[in-house]
Amino acid sequence: GNPDLYGPFWIATTVVFILFLTGTISQYLASHHEKAFVYNFRLLSGAAGLVYGYTAFVPVGLWGALKWFNRRSSGATLGETAGGSINLIECYALYGYSNAIWIPVALISWSPISILNYVFVAVGFAVSIVFLTRNLWPVVSGTEGKVSRGLLIAVVGLHAGLAIAIKFLFFAAGPAAKDIKGDEAEKGERMVRALLGM
């Protein structure tokens, strides 16, 4: 069918609110009810920044890179387009729909068992990266061999960064992680937050 922006926008919005909700549940369970629980609304702004930022900027970067490398490999001038290209709306739709897997992942990743959270996030990453690479390969393969491999590595790397950020920003509060790592878990969380500007 035709690409749209309606679905990707609402998927991203749902992911933001589900990450906030389940991240809050995860923090509540990790607090051991020792003191009054205080909601961390930075999780909401962090989820919005992470999901909307990833969904808004990564597709533009990929689209621009594909336009640049397709034009270079085909010898097209600035006003012409090369074959096998993808338009910006298709890039947004592709990345927006690839985020759909994070809804069920977030719903089951609030478990206090840290290893389960790692497994759930890894499965979500695997499903979404298969979706992305399967749909991007016909377009990316139109570029030179080294370029296509580089673009796919960049797509996988950026998506891995999203998965790691989701795990450590929203589901690292499990009691097992706090008991084993202590200050190291907090340092890692502070580093990820600093990188994302939260």
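This is a predicted model: local features need pLDDT of at least 70, side-chain atom pairs count only at pLDDT 80 or more; totals for chains, interfaces and linings use all residues.
Residues are numbered from 1 along each chain as its sequence is written, and side-chain values use heavy atoms, with hydrogens and water left out.

**Exercise 1. Describe how helix α3 and helix α5 pack.**

Step 1. Find the helices. They are DSSP runs of H or I, at least four residues long, numbered from the N terminus. Helix α3 covers residues 88–98, and helix α5 covers residues 114–140.

Step 2. Take the angle and the distance. Axes are lines fitted to C-alpha atoms over the stretch in contact, and angles run from 0 to 180 degrees between N-to-C directions. Here the angle is about 160°, and the axes are 9 Å apart.

Step 3. Name the arrangement. That angle makes α3 roughly antiparallel to α5 (angles over 145 degrees count as roughly antiparallel).

Step 4. List the residues that meet, where contact means heavy atoms within 4.5 Å. From α3 come Leu94, Tyr95, Tyr97 and Ser98. From α5 come Ser128, Phe131, Leu132, Asn135 and Leu136.

Step 5. Sort by class. The contact of α3 with α5 has six nonpolar, three polar and no charged residues.

**Exercise 2. Is Lys167 buried or exposed, and what does Lys167 touch?**

Step 1. Lys167 lies in helix α6, residues 145–170.

Step 2. Check accessibility. The relative accessible area of Lys167 is 4%, so Lys167 is buried (buried is under 20%, exposed over 50%, partly exposed in between, with a 1.4 Å probe and protein chains only).

Step 3. Find the neighbours. Leave out residues up to four places away in sequence; Lys167 then touches Ser114, Asn117, Tyr118, Val121 and Ala172.

**Exercise 3. Which residues do ring pairs link into a cluster with Phe9?**

Step 1. Search the whole structure. There are six aromatic pairs (rings of Phe, Tyr and Trp, the last by its six-membered ring, pair if their centres lie within 6.5 Å).

Step 2. Take Phe9 and Trp10. Their rings are 5.0 Å centre to centre, with 80° between the planes, and the pair is edge-to-face (planes over 60 degrees apart).

Step 3. Take Phe9 and Tyr52. This pair is stacked, at 6.4 Å and 10° (planes under 30 degrees apart). Phe9 lies in helix α1 and Tyr52 in helix α2, so the pair ties together parts 43 residues apart in sequence.

Step 4. Join the pairs. The cluster holds Phe9, Trp10 and Tyr52.

Technical notes. Helices (H or I, at least four residues) and strands (E, at least two) are DSSP runs, numbered from the N terminus. Angles under 35 degrees count as roughly parallel, over 145 as roughly antiparallel, 65 to 115 as roughly perpendicular and the rest as oblique. Ala, Val, Leu, Ile, Met, Phe, Trp, Tyr, Cys and Pro count as nonpolar, Asp, Glu, Lys and Arg as charged, and the others, Gly among them, as polar.
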